[in-house]
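Look at the model below before reading on.

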Amino acid sequence: MAEFLSTISKPSIILMVVYFQAHDYYPGNSLRSICPNALLHYTSMESWSMICLYGFGGTMPWVTSRTSNGKMGPAEIGAHILLPKELENAPVLHTVVPTSALSLELEWTAPDTDNYTGEILYYQVCYQKSSISNDINCTLESVDGNLIQAVMSGMHPFQEYRVKIRGVVALGYGPFSNVLLSTTPETEPSSGPSSIHFPRVSTSSIFVTWSMPEEQDRNGIIRQYSVCYQTTENTDPCNNAKITDNTWFELNGLKPYQKITFQIKAATSVGFGPATIAYQTTLPSAPDGPPNEARATHVKTTNISLSWLPPDSELRNGRITNYTICIRVFSTSPGPCLREVSLSNQTDYTATGLKPYTKYIIKISAGTEIGFGPPALVVNTTSEAEPTGPPTDLQVTHFTHNYIDITWSSPDPSEVNGVLTKYSVCIRTQPSSFCLQGLTVPFTQTSYTFSGLRPYVIYSIEVRAATVVGFGPQANISQRTVQSEPSGPPTRKTVTFVNESMISFSWSAPEPELQNGVIIHYSMCIREYGPESTCTRAAQISASDENSYTYNGLIPSKEYIVVIKAATTVGLGPPAFIQKTSGECGLPVLYGGGHVSDDSFSASGFLSRNYEPYQARIDNDLPWCDRGTRNNAYIQVDFGGSLKVLGVATKGHRQHWQSWVFSYKVSYSIDRVNWKYVNVSGKMVRIT
């Protein structure tokens, strides 16, 4: 039954007559599926008859006439039922007055009703904007049936509405009342202007346009606009609004790459609505300011390390994309960059390959995509280093046989690399590696005299300049001193032959370091021995590798002095003397240049190497030394034949002054078998 009732269209009224006999097993709530107002409990074994009206207004209460039990027979029902009818009268709408921009107040007269229509359950108010041509989309709101006055809210400002009302009874809706028009007053717009655009933007101006708020948000007639602007980073309330009747505004006097926040409001006669917020940035430009805190963080002899920060934000005029660095030597007149470096967005750099102790000016400029701004300047001097160039103009200004004067100038300024503190001067003989005279002089002194030099010697002179770091490379010059007379006598003078009337002798040049020039000749003279004697015969011969001379016609057994002097172009040197008696031997047999070979020597033994028997020559630097101390030690020489020996001489050795021979005997043999000692007056001689 409930399912069937749900299919009946409304409004409809169904009269149901229900008759049944109650039993204990029959549940009363099954009747409620038909009429919710049915009883839940019924007396068992009694008959029941009742009427249920199911209609538009919902289920009406049950109507029962009487009940009877089973003994009395079936129950009878008798009732007078008034069936409802539709409401035919409409309310009379007297006034519709706006109470605010969002509400209307209605006043009406209720329609007539009777027992058949029933009382007004409630009213339905229909309102819609007058711009809508039909009532299909009418907005309906319910009002209590006991009222004749009500306020409708949810209106839209500054809108004309059509308003009507109808009553609702049990059977359904009555007709609508007359229609009244009413307009809500203006209020502030509920949204900001729309369609904001920036058709023209430069580095210093922004041109902005907009449209009115959307129609449903205008809430009245838009009469003017407020344009407030400030930089985006400014978080304070905007308080420099400009009022305009136009839908455009041009803002001038801005900085490049400046982000501006626009707050644009529309106003009705009541006031301004909320703002529409838009952002726009002026075009970038080259920075107006240099990088900040540009400085040298570390300085070496050839490097300068730099660091810096971007320009002040208000001077950047755009996003800093790169930096350029110009390096040049400091000068009062600007010149081109020695080196120009372009860097990405980094804030440090090390300039390498610079010259020591040089003042540089370094320009650091920040750049946007448009160009570079003014530079930050860093002026710094690289550290000192030792000079990389030698002193200049080194020259010999004067020289003699024993001194050399030199002068020089400081190194080229580009190679000094610092402040000169001193010079070192050195003179050496070629090819010697050590300085004969080496010293330092103050940097203010650029001349020096080398004295005490030897004549006719090639000297190499070196001069170096120094800073506090050290000495630089040397300047070199060579000079030979002039000749002088020899300072040493001829050497290796030897009598090569003597007889009763002739003396032959030879000699060598003075020691090389004493020649003092080129030996061009020798001067000789011979005189008798004695303090009063003078040269009887003088001679001069040209110098050669082997120098010798012979004096003839001498007096037998006469002792003579031969004087030999070496000469350069300047003059004669000191003499060498040969003292010899004519007819006597003057040359030791066992001298180094004699005819006796090393293997002609033999001995009882020798101490070690460098003490062999042949070291016993009278002119040798090393001695013969036997192995240990013993009485039978001997040394023996084979002359290779008969020889007249006029004398025997020995000498000690300077390194062995603590040991010497006390005495010795001399023996001789022709066949190395039979030996004879030297006798004087028939007695063997022991030399002590």
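Where is the place of D393? D393 is in strand 27; helices (H or I, at least four residues) and strands (E, at least two) are DSSP runs, numbered from the N terminus. This is a predicted model, in which local features need pLDDT of at least 70 and side-chain atom pairs count only at pLDDT 80 or more, while totals for chains, interfaces and linings use all residues. Residues are numbered from 1 along each chain as its sequence is written, and side-chain values use heavy atoms, with hydrogens and water left out.

Begin with the sheet that holds strand 27. Three strands form an open sheet in the order 27-28-31, and their pairing is antiparallel. Two strands pair if DSSP finds at least two bridges between them. Strand 27 (392-399) and strand 31 (447-450) are the edge strands, since each pairs on one side only. From one strand to the next, the twist averages 20°; for such angles, axes are lines fitted to C-alpha atoms, for helices over the stretch in contact, and angles run from 0 to 180 degrees between N-to-C directions. Strand 27 and strand 28 (residues 404-409) run antiparallel and are joined by five bridges. Within this pairing, T392 stands opposite S409 in strand 28.

D393 also has a backbone angle to look at. Its phi is near 55°, a positive value in a residue other than glycine. D393 counts as exposed, because its relative accessibility is 54%; exposed means over 50% relative accessible area, buried under 20%, and partly exposed in between (1.4 Å probe, protein chains only). Y257 likewise has a phi near 55°, positive in a residue other than glycine. Y257 is found in a loop, between strand 17 (248-251) and strand 18 (259-267). With a relative accessible area of 40%, Y257 is partly exposed.

Next come the charged pairs. A salt bridge is a side-chain nitrogen of Lys or Arg within 4 Å of a carboxyl oxygen of Asp or Glu. By this rule there are six salt bridges. One of them joins the side chains of R428 and E462, at 3.0 Å from N to O. R428 lies in strand 29 (residues 422-429) and E462 in strand 32 (residues 458-466), so this pair ties together parts that are 34 residues apart in sequence. Are these two residues buried or exposed? R428 is buried, with a relative accessible area of 12%, and E462 is buried at 10%.

Another salt bridge is formed by E528 and K558, whose closest N and O atoms are 3.7 Å apart. This pair links distant parts of the chain, 30 residues apart: E528 is in strand 36 (residues 521-528), and K558 is in the loop between strand 38 (547-551) and strand 39 (559-567). E528 is partly exposed, with a relative accessible area of 29%, and K558 is partly exposed at 31%.

In a further salt bridge, the side chains of D638 and R672 meet at 2.2 Å, N to O. Where in the chain are D638 and R672? D638 is in the loop between strand 42 (635-637) and strand 43 (664-665), and R672 is in the loop between strand 44 (667-669) and strand 45 (675-677), so the pair links distant parts of the chain, 34 residues apart. D638 counts as partly exposed, at 31% relative accessibility, whereas R672 is exposed, with a relative accessible area of 52%.
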